[in-house]
Amino acid sequence: MMVFRGFALKYGDNIDTDVIIPARYLNTTDPKELSEHCMEDLDLDFKNKVKEKNILVVGENFGCGSSREHAPIAIKASGVQCIIAKSFARIFYRNAINIGLPILEVPEAVDKINEGDEIEVDFDNGIVKNISTGEIFKTFPFPPLIQEIIKKGGLINFAKERIKGGK
Amino acid sequence: MGMTITEKILADHSEKKEVYPGELIFAKLDFILANDITGPLAIKEFEKIGAEKVFDSERIALIPDHSTPNKDIKSAMQSKMLRDFAKKHNIKYYYEVGRVGIEHALLPEEGLVLPGDCIIGADSHTCTYGALGAFSTGVGSTDFAYAMATGEIWFKVPESLKFVYYGKLPQWVTGKDLILQTIGYIGVDGARYKAMEFTGEVIRTLPMSDRLTICNMAIEAGAKNGIIEPDEITLEYVKGRAKRDYKFYKSDSDANYKEIYEWDVSKWEPVVAFPHLPSNVKPISSISKDIYIDQVYIGSCTNGRIEDLRIAAKILKGHKVHPDVRLIVTPATPRIYMEALKEGLIEIFLDAGASITPPSCGPCLGGHLGVLAEGERAVATTNRNFVGRMGHPKSEVYLANPAVAAASAILGRIAAPWEVEVKD
Ligand code: SF4
């Protein structure tokens with residue numbers, strides 16, 4: 001069972017990968033180093049805010065732009081538990097699933113959550129609860145193949161088993 | 001029910017008769033690629049999988065194009081990782097500095113990505129190869145690692161959107177303007193998760209270079225892939241260079257499209273995408289004449305091909321770059337560099353006062369070879385103008401075609417090509 005509880009940190013639409021982790025820091029793959037610069041071109045205080053508020057609540061097309069997996073890695077290493085968005089850009093969506101960063105698309109929840117609200121996310125059933133206001137939002141759970149990848153802890157573990165199984 | 005070209009390629013590569021939008025499939029891959037930024041991360045993941053060898057050492061390209069020639073110690077370490085891995089696994093298409101070009105210009109030129117292929121690349125602009133009639137899409141490093149080990153990857157079959165362009169393309173309006181204007185109409189997420197199929201009489205007469213530019217920027221509308229049905233022009237392009245067999249697919253006449261857009265382009269103009277989104281486009285004639293600039297960049301996987309350099313040279317010939325402007329020109333591959341040299345284009349650029357860089361992504365992603373300072377403004381023939389894309393978070397990037405970029409370099413402000421006298 002994957003259930004997360006925490007406080008909301010909000011940002012807007014079209015947050016792109018150049019903002020999430022600027023190219024000037026792409027000379028490393030170290031998650032901790034990447035997390036040091038996560039979102040800094042958008043919000044210099046992100047690093048501190050995320051210590052208190054580690055459920056990201058964002059608008060449309062989150063993670064658009066480059067294919068850099070450094071983006072979800074930087075977010076995950078910053079301590080973010082889970083991201084709720086109106087929508088994700090497709091490569092970011094894939095990358096998040098593949099590295100095991102929980103994400104959910106729940107458009108109506110995003111508008112009704114204020115920064116700082118306490119949130120509970122039931123990932124398996126696709127339920128987001130705004131504890132501060134009592135509102136509950138539902139979305140479709142992931143399709144079976146994706147659930148399997150997530151259940152195995154990401155694509156790499158999934159691959160290990162597939163290779164072992166002679167596929 | 002008929003299928004689109006995208007659906008047919010995906011069906012054939014997953015050994016199915018038909019596939020449907022939304023269906024999850026595993027598809028076999030004809031070719032995969034990664035670069036010096038995404039590759040090292042993928043190599044680490046590949047090692048975690050525990051596979052002893054790659055699925056096929058002749059279907060993988062590792063291309064150190066982003067921070068090379070290496071800009072600092074850390075990027076040198078990343079390139080070394082790529083190089084060592086390529087040696088260890090006998091990767092046939094590893095390109096060393098001096099022979100390397102920008103991946104999405106290099107691979108079509110080398111005949112390594114071909115019509116009918118199913119391709120993934122750990123780089124978002126992998127969608128470029130759709131111009132050849134391939135299904136090609138950008139993924140992350142973990143996907144690439146998985147593909148290196150297994151030769152396949154999971155996909156959700158995308159819905160298709162059809163874009164039909166008809167009429168007569170006015171002078172100075174290029175593939176770059178078609179795609180920027182399209183993104184302007186549908187927005188940066190207007191094609192999210194979807195296939196963009198480009199067609200119509202205008203596309204049918206476009207040379208491969210413009211087609212590559214158009215498909216290159218499909219990702220800027222959020223698309224999974226951009227694609228153009230192959231035709232005579234495609235055949236002409238791949239004939240002499242193909243390193244493998246290829247296959248032409250076409251959409252059925254009763255294929256299903258989520259949406260069909262039709263535009264008469266006869267009155268379109270060159271456009272400029274203002275900061276900080278590629279969709280923020282304005283026709284050149286509507287732009288005020290006082291947007292002064294500090295730098296002009298002509299290059300990248302979008303517009304760094306020989307055709308682009310020819311257009312820029314045509315405008316720059318006999319002119320000088322404005323005293324307050326730095327013009328940086330990057331031929332996208334060594335072969336393009338050589339052609340530009342032989343055709344006298346490099347001389348024109350140098351005479352005008354431009355700086356020529358080696359083939360590299362450098363300035364396009366604010367990596368090196370021309371990074372912007374705080375408050376600076378650039379006109380670039382690249383594909384992204386996000387905050388901080390080419391340098392300081394408070395710098396600005398205006399996207400344009402090579403003719404607009406060259407004219408702007410001469411006049412020191414955003415300018416239309418017809419404002420400059422062409423000296424033949
Ligand atoms: S030229 Fe720019 S957009 Fe193209 S691959 Fe290089 S960094 Fe990416």
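The lining of the largest pocket is made up of 15 nonpolar, 2 polar and 9 charged residues. This pocket belongs to a predicted model, and its volume comes to about 690 Å³. The points below begin with the pockets, and then turn to the annotated features, a helix of chain B and the domains of that chain.

**The largest pocket**

- Among the 26 residues that line the largest pocket, those closest to its centre are A:Tyr93, A:Glu105, A:Phe142, B:Lys156 and B:Tyr193.
- Two or more lining residues are given to the largest pocket by each of helix H5 (90-99) and strand S4 (103-105) of chain A, and also by strand S7 (152-156) of chain B.

**The second largest pocket**

- The second largest pocket has a volume of about 300 Å³, and its lining of 17 residues has A:Glu69, A:Ile73, A:Ile99, B:Glu45 and B:Lys48 nearest its centre.
- The elements that contribute two or more residues to this second lining are helix H4 (70-77), H5 and helix H8 (155-164) of chain A, together with helix H2 (38-49) of chain B.
- The largest share of the lining of the second largest pocket comes from H2(B), which supplies 4 residues.
- By residue type, the lining of the second largest pocket divides into 6 nonpolar, 6 polar and 5 charged residues.

**The annotated binding site in chain B**

- An unreviewed UniProt entry places a feature called "binding site" at B:Cys301, B:Cys361 and B:Cys364.
- These residues are spread over 64 residues of sequence and yet cluster in space, with a largest C-alpha distance of 9.1 Å.
- B:Cys301, B:Cys361 and B:Cys364 from this set are included in the lining of the largest cavity.
- B:Cys301 sits in helix H10 (residues 300-303) of chain B, and because its relative accessibility is 7%, it counts as buried.
- When neighbours within four places in sequence are left aside, B:Cys301 is in contact with B:Ile102, B:His104, B:His125, B:Asn216 and B:Asn383.
- B:Cys361 lies in the loop between strand S16 (355-356) and strand S17 (377-380) of chain B, and it too counts as buried, at 10% relative accessibility.
- Not counting residues up to four places away in sequence, B:Cys361 touches B:Asp65, B:His66, B:Ile102 and B:Tyr297, and B:Ile102 is also one of the contacts of B:Cys301.

**The annotated domain in chain A**

- For residues 38-107 of chain A, an unreviewed UniProt entry gives the feature "domain: Aconitase A/isopropylmalate dehydratase small subunit swivel".
- The end C-alpha atoms of this span, residues 38-107 of chain A, lie 24 Å apart, and the span is 37% helix and 16% strand.

**Helix H5 of chain B**

- Helix H5 (residues 141-150) of chain B is largely enclosed by the rest of the structure, because 9 of its 10 residues are buried.
- The buried residues of H5(B) include B:Ser141, B:Asp143, B:Phe144, B:Tyr146 and B:Met148.
- H5(B) is followed by B:Gly151, whose phi is positive, near 75°.

**The two domains of chain B**

- Chain B is divided into domain 1 (5-244) and domain 2 (272-419), and the centres of these two domains of chain B, taken over C-alpha atoms, are separated by 24 Å.
- The contact between them takes 36 residues from domain 1 of chain B and 37 residues from domain 2 of chain B.

Definitions and conventions
Residues numbered from 1 in each chain as written. Chains lettered and ligands numbered in written order. Predicted model: local features only at pLDDT ≥ 70, side-chain atom pairs only at ≥ 80, totals over all residues. Heavy atoms only, no water. UniProt positions renumbered as here; feature names shortened; annotations may be inferred. Buried < 20%, exposed > 50% of the residue type's maximum accessible area, 1.4 Å probe, protein only. 1 Å grid on protein atoms, 1.4 Å probe; cavity = no way out; pocket = protein on both sides within 12 Å on 5 of 7 lines; lining within 4 Å. Contact = heavy atoms within 4.5 Å. Points joined across faces, edges and corners; volume = space filled by probe spheres on them. Nonpolar A, V, L, I, M, F, W, Y, C, P; charged D, E, K, R; others polar. Domains from an automatic or database assignment.
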